[in-house]
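I opened the model and kept notes on what I looked up. The entries follow in the order I made them.

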Amino acid sequence: MIPFFRKKQNDKKNAAPDIGKIVENEGLPDAVTEVDSATAPEEKSKPWIGVDLDGTLAEWTGWKGLDNIGKPIPLMLARVKFWLERGITVKIFTARASDEANGIPPIKKWLADNGLPELEITNKKDFDMVELWDDRVIQVVQNTGKPFLSMFSAGRPAAPILPNEDSSSTFYLLKKPAPPAGNGGGNKAPEQAK
């Protein structure tokens, strides 16, 4: 685990870091330092956040070819611009990059058309990726094999679970907390189910 994240977990086991607060207060770390030296890259590079294209940064309405990319999703577009303004490296992380010659040029055009600079486009993780924003990801708690599950179907795996697996002990169910009395609601983050 990146030491940068470890110190922000307040010694709570399995607590996920709040990268937004960390980045706002301290910026991203200069490099990943706790990796196997036999497989780690020699040169020091810059940490980055991966952002999926289809269904995350751009609307997904089904596959219509490499040249067809959906309209921007305003919230995610604003988020990426916010990160870039603060000097955070953002890369577009998409399967479209597997066809470099035909897949990357339409993405570069889409980025420019939507007010984003030319960003690196990749389909590969490396030691400096600190976070991935993707509509298809199932987050797993490090070193446990236990995923977080949302109360919504989009936050649940499509893959089958083990035949003898008890989801109440091998998954963390996230649920929206009840609003505080007299508050009329509230926008708190989901908490782990007890």
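Where is the place of Glu131? I found Glu131 in strand S4, residues 129-133. The model is a predicted one, and I read it as such.

Glu131 is buried and has no salt bridge. The nearest side chain of opposite charge is that of Arg79, 8.1 Å away, whereas a salt bridge requires the atoms to be within 4 Å. I did find a polar contact from the side chain of Glu131 to the side chain of Trp133, at 2.6 Å.

I then turned to the core. The largest nonpolar core has 22 residues. Val51, Leu53, Leu57, Val80, Trp83, Ile92 and Leu111 touch the most other members. Strand S1 (48-51), helix H3 (74-85), strand S2 (89-93) and helix H4 (100-113) each give at least two residues to this core. I listed the contacts of Val51 beyond four places in sequence; among them are Leu57, Val80, Trp83, Ile92 and Trp133.

How many aromatic pairs are there? I count three. In one of them, the ring centres of Trp48 and Phe93 are 6.4 Å apart with planes at 35°, so I noted the pair as tilted. Trp48 is in strand S1 and Phe93 in strand S2, so the pair ties together parts 45 residues apart in sequence. Trp48 is buried at 0% relative accessibility, and Phe93 is buried at 14%.

Last, I looked at Ala158, in the loop between strand S5 (148-149) and helix H5 (167-170). Ala158 is exposed, with a relative accessible area of 83%. Its C-alpha atom is 9.7 Å from that of Ile138, 20 residues apart along the chain.

Note on methods
Residues numbered from 1 in each chain as written. Predicted model: local features only at pLDDT ≥ 70, side-chain atom pairs only at ≥ 80, totals over all residues. Heavy atoms only, no water. Helix = DSSP H or I, 4+ residues; strand = E, 2+ residues; numbered from the N terminus. Buried < 20%, exposed > 50% of the residue type's maximum accessible area, 1.4 Å probe, protein only. Lys, Arg positive; Asp, Glu negative; His and termini not counted. Polar contact = N/O pair within 3.5 Å; in protein donor to acceptor, adjacent residues only side chain to side chain. Core = buried A, V, L, I, M, F, W, Y, C linked by side-chain atoms within 4.5 Å. Contact = heavy atoms within 4.5 Å. Phe/Tyr/Trp six-rings, centres within 6.5 Å; stacked < 30°, edge-to-face > 60°.
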